[in-house]
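Me: Could we go through this structure together, starting with the surface and then moving on to charged pairs?
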Amino acid sequence: MTAADLLKIFMAVGIVVAVCGIRWMNKAIAELKEETRREREQMACGEECP
């Protein structure tokens with residue numbers, strides 16, 4: 001196994017980890033946006049809502 005082969009393996013693993021990380025971050029950001037949206041609706045609602 002040459003250094004070039006190892007480099008290719010590390011690059012492939014790095015790309016997979018990066019893609020998974022980006023997908024996880026997008027999911028976390030979407031959840032955070034939903035949570036803040038709910039909080040804003042509750043604040044805007046105030047005592048008017050039952």
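**Exposure, patch and salt bridges**

Reply: Arg40 counts as exposed, at 63% relative accessibility, where exposed means over 50% relative accessible area, buried under 20% and partly exposed in between, with a 1.4 Å probe and protein chains only. This is a predicted model, in which local features need pLDDT of at least 70, side-chain atom pairs count only at pLDDT 80 or more, and totals for chains, interfaces and linings use all residues. Residues are numbered from 1 along each chain as its sequence is written, and side-chain values use heavy atoms, leaving out hydrogens and water.

Me: Where does Arg40 lie?

Reply: Arg40 lies in helix H1, helices being DSSP runs of H or I with at least four residues, numbered from the N terminus. Between Arg40 and Ala18 there are 33 Å in space, C-alpha to C-alpha, for 22 residues in sequence.

Me: Changing topic, how many salt bridges does the structure hold?

Reply: There are three salt bridges, each defined as a side-chain nitrogen of Lys or Arg within 4 Å of a carboxyl oxygen of Asp or Glu. Glu34 pairs with Arg37, their closest N and O atoms being 2.6 Å apart, and Arg38 also forms a salt bridge with Glu34, at 3.7 Å.

Me: And what is the salt bridge partner of Arg37 at 2.5 Å?

Reply: That partner is Glu41, with 2.5 Å between the closest N and O atoms. Through shared partners, the salt bridges join Glu34, Arg37, Arg38 and Glu41 into one network.

Me: How is Arg37 placed relative to Glu41 in helix H1?

Reply: Arg37 and Glu41 are separated by about one helical turn, because they are four residues apart in helix H1.

Terms used. Helix = DSSP H or I, 4+ residues; strand = E, 2+ residues; numbered from the N terminus.
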